[in-house]
Amino acid sequence: MSVRIDKVVTRGGDAGQTSLGDGQRVSKSNARIEAMGCLDELNAVVGLLQTQTKEGCVVRQQLQRVQNLLFDMGADLCQPDTPKAVHARRVTGQILVQLEEWTEQLRQKQAPLTSFVLPGGSVAAAWAHLARTQARTTERRVVALAEQEGVNSELIRILNRLSDYFFVLARHFNADGKEDILWVPS
């Protein structure tokens with residue numbers, strides 16, 4: 001797929017509307033645009049998280065793959081299920097197996113949880129926790145959209161798995177849980 005962007009400033013959104021992938025104009029407050037915006041925010045957080053990893057390490061490669069997946073998910077969301085979207089690229093659930101494998105590989109090195117974990121610890125863990133919460137926010141927005149109109153259900157499943165992955169990744173960055181900050185009830 002080739003992309004060419006000749007102009008960034010188009011003024012097309014100055015009146016509070018934007019275009020979907022099928023050319024349809026919608027309000028920027030539209031539930032589909034909100035879900036796409038949350039995906040974009042999650043992708044930005046993953047980009048920041050990636051800066052905390054070493055070049056060439058497995059986790060960095062995983063995060064690069066996640067960023068591409070999130071962009072694919074945005075491309076899927078921007079194409080409503082209309083007759084014009086017959087050739088729209090849809091994300092499949094094939095990545096779920098990979099996400100579950102990555103999560104389990106990291107989790108196996110970690111001691112079982114004996115308390116709830118507070119977001120924080122190392123900088124990388126804090127970013128992973130932020131990615132986890134942003135994945136949950138995005139999941140809620142996609143579910144809300146799905147309650148209004150057709151959405152690829154695989155997107156919801158993937159977001160659910162991503163939040164699990166980011167939680168386990170945060171523990172990985174906290175010395176596999178040894179440096180986790182545990183909840184102490186007041």
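Reply: In this predicted model, Asp180 has a relative accessible area of 11%, and it is therefore buried, as the cut-off for that word is under 20%. Asp180 sits in a loop, the one that runs between α5 (153-173) and β4 (181-182). Leaving aside residues up to four places away in sequence, Asp180 touches Val117, Arg171 and Asn174. With one of these, Arg171, there is a polar contact from side chain to side chain, at 2.6 Å.

Two packed helices are described by the angle between their axes and the distance between the axes. For α1 (residues 31-50) and α5, the axes come within 14 Å and cross at roughly 20°. Angles under 35 degrees count as roughly parallel, so α1 is roughly parallel to α5. The crossing of these two helices is left-handed. On the α1 side, the contact is made by Leu39, Leu42, Val46 and Leu49; on the α5 side, by Leu159, Phe166, Leu169 and Phe173. Sorted by class, the contact of α1 with α5 has eight nonpolar residues, with no polar and no charged ones.

Val143 belongs to helix α4 (residues 123-148). Its relative accessible area is 29%, so Val143 is partly exposed. Twelve residues separate Val143 from Leu155 in sequence, and their C-alpha atoms are 9.3 Å apart in space.

Notes:
Residues numbered from 1 in each chain as written. Predicted model: local features only at pLDDT ≥ 70, side-chain atom pairs only at ≥ 80, totals over all residues. Heavy atoms only, no water. Helix = DSSP H or I, 4+ residues; strand = E, 2+ residues; numbered from the N terminus. Buried < 20%, exposed > 50% of the residue type's maximum accessible area, 1.4 Å probe, protein only. Polar contact = N/O pair within 3.5 Å; in protein donor to acceptor, adjacent residues only side chain to side chain. Contact = heavy atoms within 4.5 Å. Axes fitted to C-alpha atoms, helices over the stretch in contact; angles between N-to-C directions. Parallel < 35°, antiparallel > 145°, perpendicular 65-115°, else oblique. Left-handed = near helix turned anticlockwise from the far one by under 90°. Nonpolar A, V, L, I, M, F, W, Y, C, P; charged D, E, K, R; others polar.
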